[in-house]
Each structure stands twice: as C-alpha cells, then as structure tokens.
Amino acid sequence: MINTLLSAPRVNPITPVPGMGATMCMFSDRHAGTIVSISKSGKSLMWRQDKAVVVSGTTMDGSAQYQYEPDPDAPEQEFKLRKNGRWVRAGESMRRGTGLALGCRDEYYDPSF
C-alpha cells in the first residue's frame, strides 16, 4: 500500500515537520523512522530510523506488528523533494531511488527473500 502511495501523484502534499513519522520504502521492505530536521527551503530533510520491536506475530510470515521507539544512535539520512513530488534519498535517481512516505511509520520485512 505504501509503495503504491509513493508512485501516485499527490494533490495535497504533506508538509514535513520535525518529529513526524516517515517510512523509508525499499523494494518490498519498509523501515519506520522519524524526521529529524527540515532545511530552510523545505526541499530537503534529515530522517533517522526508529527501533522497531515486534509485539505480536512474526517476521517469518509477514504478520509482525511493531512498536516504535526513537533511536538517537541511528545515522541520519538525507532525503530531497524532487520535481515529481517524491521524497528521494539524496544522490539517488528521482524515479527509482529509495523513497520516503511522510506521515506514517511502517516496518515490514518481506519473508520471501
């Protein structure tokens, strides 16, 4: 679902703010995190992955449910707003780069890999 959201054009884009949840989407896996800071121009942000603790289910069949905690020791990653409306990790392709879905935290490991 989140990967579909990343590819759809946004009519009302979400404005990022520090502390907001955001999910990094990588092929079929997703990693929950938090927006740490926004540039003055509003066209780049720093994101940090959260600790995701399984509270029910299992990652082996994709049924895991997570609880999220901030991880101040996780490295920060930069994402930039591209002209197609996507937030993409700095230095990566606008269309095929690692995307960031704003306003949600979602952790998922694809068990088929």
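Trainee: With which residue does Glu92 form a salt bridge?

Mentor: The model is a predicted one. A salt bridge requires a side-chain nitrogen of Lys or Arg within 4 Å of a carboxyl oxygen of Asp or Glu. For Glu92, which is partly exposed with a relative accessible area of 26%, the closest N and O atoms of the pair are 2.8 Å apart. The partner is Arg89.

Trainee: How many salt bridges does the structure hold?

Mentor: The bridge between Glu92 and Arg89 is one example. Another joins Asp50 to Arg105, with the closest N and O atoms 2.8 Å apart. The number of salt bridges in the structure is five.

Trainee: How many residues apart in sequence are the parts that Arg30 and Asp106 tie together?

Mentor: Arg30 and Asp106 form a salt bridge whose closest N and O atoms are 2.5 Å apart. Arg30 is buried, at a relative accessible area of 14%, whereas Asp106 is partly exposed, at 21%. Arg30 lies in strand E2 (residues 29-38) and Asp106 in the segment after E8, so the parts tied together are 76 residues apart in sequence.

Trainee: Where does Asp50 lie, and is it buried or exposed?

Mentor: Asp50 forms a salt bridge with Arg105, and this pair links distant parts of the chain, 55 residues apart. Arg105 is in the segment after E8 and counts as partly exposed at 34% relative accessibility. Asp50 itself is in the loop between E3 and strand E4 (51-56); with a relative accessible area of 7%, Asp50 is buried.

Trainee: Which side chain of opposite charge is nearest to Asp71?

Mentor: Asp71 lies in the loop between strand E5 (65-69) and E6. Leaving aside neighbours within four places in sequence, Asp71 is in contact with Arg48, Gln49, Asp50 and Lys51. Asp71 is buried yet has no salt bridge: the cut-off is 4 Å, and the nearest side chain of opposite charge is 4.5 Å away. That side chain belongs to Lys51.

Trainee: Let us turn to the aromatic rings. Why is the pair of Trp47 and Phe79 described as it is?

Mentor: This is one of two aromatic pairs in the structure. The ring centres of Trp47 and Phe79 are 6.0 Å apart and their planes stand at 80°. Planes over 60 degrees apart count as edge-to-face, so the Trp47 and Phe79 pair is edge-to-face.

Trainee: Which strands hold Trp47 and Phe79?

Mentor: Trp47 counts as buried at 0% relative accessibility, and Phe79 is buried with a relative accessible area of 0%. The pair ties together parts that are 32 residues apart in sequence. Trp47 lies in strand E3 (residues 44-49), and Phe79 lies in strand E6 (residues 76-81).

Trainee: What is the angle between the planes of Tyr66 and Tyr68?

Mentor: Tyr66 counts as buried at 15% relative accessibility, while Tyr68 is partly exposed at 25%. Their rings are 6.3 Å apart, centre to centre, and the pair is stacked. The angle between the planes is 20°.

Trainee: How many residues does the largest nonpolar core have?

Mentor: Trp47 and Phe79 both belong to this core, and its other members include Ile35, Leu45 and Leu102. Strand E1 (21-26), E3 and strand E8 (99-102) each supply at least two residues. Among the residues that Ile35 touches are Leu45, Trp47 and Leu102. The number of residues in the core is ten.

Key:
Residues numbered from 1 in each chain as written. Predicted model: local features only at pLDDT ≥ 70, side-chain atom pairs only at ≥ 80, totals over all residues. Heavy atoms only, no water. Phe/Tyr/Trp six-rings, centres within 6.5 Å; stacked < 30°, edge-to-face > 60°. Helix = DSSP H or I, 4+ residues; strand = E, 2+ residues; numbered from the N terminus. Buried < 20%, exposed > 50% of the residue type's maximum accessible area, 1.4 Å probe, protein only. Core = buried A, V, L, I, M, F, W, Y, C linked by side-chain atoms within 4.5 Å. Contact = heavy atoms within 4.5 Å. Lys, Arg positive; Asp, Glu negative; His and termini not counted.
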